[in-house]
Amino acid sequence: MWPFIARSLEVATILLIAAVGELLNQRSGVINVGIEGLMLLGAAAGFIAALFWGLIPAFIIGMLIGGLFGLVHAILSTSLKVNQVVSGMGIWLFAMGFVTYWADRYSGPLPRGVVSPRIYELSPMFFIALIIVVVIWFILSKTHLGLKVKSVGENPFAAEVSGVKVIRTRYLCTIIGGMLAGLAGAFLSTTYLGAWSHLPTKGLGWIAFALVMFSLWRPLILLGGALTFGFIWQFAISPETIYAGIPAPLPLLRMLPFVATIVVLTIISREKFRRKWALSRPEALGEPYIKE
Amino acid sequence: MTSLETLKLKLERVPVVSGGQAVRISLLSLVFSFIIFSIFLSIEGANPIDAYSNIFSFALDPNLGLPTTLHRGLFLLFSTLAFVVAYSARLWNVGMEGQFYLGTIGAFAVAYSLPELHPAILIPLMLLAGAIFGAGYGALAGFLRGKLNVNEVVGCLMLNNIAFWLVYLLTVGGPWAGIAESTSRPLPPNAHAPIISYTPFTSYLAIGIAIVLYIFLSKSVVGYKIRVLGNSPTAAQHIGINAPRTYILVMTIGGAIAGLSGYHMWAGDPAFLMIPRPEAYKAIGDLTYWGLIIGLVCLLNPVAAIPTSVFIGSIMMGSTVLVRRLRLPFGLDVLFLGLVSITFAAFQFFYMYKVRRMK
């Protein structure tokens with residue numbers, strides 16, 4: 001039972017790191033639907049770095065490439081004012097091509113020397129993810145910087161008038177969001193999977209994206225969501241560790257996380273929740289800031 | 001005179017982009033992505049000019065790549081039209097992948113259960129089943145968006161992943177499993193698409209749908225309502241347009257069009273005539289997202305999407321020679337497509353702004 005829980009906590013780690021980054025950039029008003037692509041880039045960069053230099057450089061390089069493409073998204077969506085969905089989709093499509101070209105030649109498991117350390121079978125990265133969430137929660141709700149980020153996401157015009165640099169804040173949040181997505185990807189390929197296979201994210205990035213919506217843009221609710229979906233995801237992959245006689249075939253179980261996402265989305269989109277939802281949704285989410 | 005101070009640039013908002021400008025912007029972005037890709041080609045030790053001439057001479061040679069170019073290009077046209085009809089109401093239909101999978105399931109279900117039928121009956125039935133399955137899946141996303149307010153981008157992506165596993169369930173060790181590992185049984189001969197001058201007849205169907213859709217969106221009352229809703233939801237509310245119903249309608253039409261591509265893809269290419277292994281059908285499914293890029297590049301004009309889709313199809317087909325004939329590393333072809341898509345996305349900027357030099 002414990003190995004299963006440890007594995008599902010590791011899936012939760014991936015979801016949590018990626019989603020909390022997305023949460024940050026959404027709080028500043030920038031949607032990044034390319035999060036799956038950023039995770040792919042981070043996963044590829046991290047995996048290749050791990051092959052040559054080991055695990056710590058893998059995480060750093062995964063973060064750097066995630067940040068780089070977060071910057072690309074920031075340039076496209078904040079400075080060039082391209083529609084944020086288009087920009088994110090463009091990055092995702094690019095990532096699928098680039099990662100195939102770049103990393104598929106290294107397909108296969110990591111050599112034995114670079115296996116992640118584990119505390120009772122759980123990667124210490126889980127605790128780092130918790131720290132990241134708490135830090136982002138603290139910044140958003142207790143600091144001046146967090147107030148600036150939220151004001152940029154709610155009403156960029158008012159923020160600008162009161163002296164907040166809107167463009168700069170959005171750049172900062174989008175780059176950090178990208179770095180965290182890249183880190184999540186690097187963790188996925190080097191630790192959770194420990195091997196490279198063609199396009200390994202398999203929809204995890206999209207679940208992380210949906211988790212941000214479920215969370216009402218609050219990091220601590222996000223934590224609960226990530227734990228739940230980490231469990232569902234891992235259960236779909238290895239149900240026999242819970243109960244050997246699961247009657248459903250594997251592909252049917254693999255639909256489970258996606259079905260669950262639709263169900264939760266439907267529930268929180270109901271009128272009753274929607275009022276609450278509308279209140280916590282950053283007002284200027286997805287809108288480019290155009291100074292007139 | 002040319003000191004730095006005189007080089008001040010100013011952004012000017014463009015109210016409406018004309019078709020001619022869109023063509024110019026698209027060509028410019030293509031040139032840009034070709035230049036960037038030249039860098040990668042040089043890194044891999046290939047001569048870019050040589051590579052590009054190889055790509056297009058292969059893709060457009062009737063004896064080599066042209067049939068596949070047309071086939072893949074018009075496959076993209078189905079996805080593009082599915083996107084365009086929904087986006088006319090400003091709904092992001094990114095569910096073409098799932099609708100295409102469902103269309104595949106519909107068409108194959110008919111072919112496997114009635115293999116002895118005469119082609120003149122079987123093939124239309126397969127197309128019809130594909131369209132109905134795709135339409136149902138599109139309608140589901142439209143219902144979630146229209147009636148239950150579920151965000152359509154996330155909703156569609158989840159449905160796409162579900163559909164991927166649904167095909168997996170049927171083919172890999174499922175009721176449709178073939179003799180070869182993880183592919184489906186071959187289609188019965190009666191289901192093979194007739195080829196009319198290099199390309200299956202469904203290619204012409206796609207072109208026909210594009211023209212009908214153009215007339216529907218620009219001339220019909222329903223098309224007008226869809227566009228009003230897309231341009232101004234408040235105006236639409238005032239003149240009594242039922243938004244939820246329109247959302248379901250556009251997603252259903254889009255889903256039906258994307259569903260048809262299930263038959264077109266697998267029955268129209270002699271290399272398939274079955275559902276291939278999961279990585280291979282997923283790779284085709286990933287191509288459907290090009291519908292979004294092509295639709296936006298063409299300013300949602302279904303007729304302009306015809307040549308654009310075929311052109312992207314020629315890049316798709318032609319770039320495979322990099323790996324197969326020029327012996328360059330695997331994946332370089334998909335990298336090329338990725339570069340084209342991200343530059344198209346970036347060049348959307350010029351659809352909204354003009355850069356002016358201030359004097």
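Reply: Two residues are in contact if their C-beta atoms, placed from the backbone, lie within 7 Å. This is a predicted model, where local features need pLDDT of at least 70, side-chain atom pairs count only at pLDDT 80 or more, and totals for chains, interfaces and linings use all residues. Residues are numbered from 1 along each chain as its sequence is written, and chains are lettered from A and ligands numbered from 1 in the order in which they are written.

Me: Among contacts in chain A between residues at least 6 apart in sequence, what share joins residues at least 24 apart?
Reply: The share is 81%.

Me: And how much of chain A is buried?
Reply: Buried residues account for 54% of its 292 residues; buried means that 20 or more other C-beta atoms lie within 10 Å of the residue's own, exposed 12 or fewer, and partly exposed in between, with C-beta atoms placed from the backbone.

Me: What box do the C-alpha atoms of chain A fill?
Reply: Along the principal axes, the box is roughly 60 × 45 × 30 Å.

Me: Switching to chain B, where does B:S113 lie?
Reply: B:S113 belongs to helix 4 (residues 96-113) of chain B; helices are DSSP runs of H or I with at least four residues, numbered from the N terminus.

Me: Buried or exposed, and why does B:S113 count that way?
Reply: B:S113 counts as exposed because it has 9 C-beta neighbours inside 10 Å.

Conventions. Helix = DSSP H or I, 4+ residues; strand = E, 2+ residues; numbered from the N terminus.
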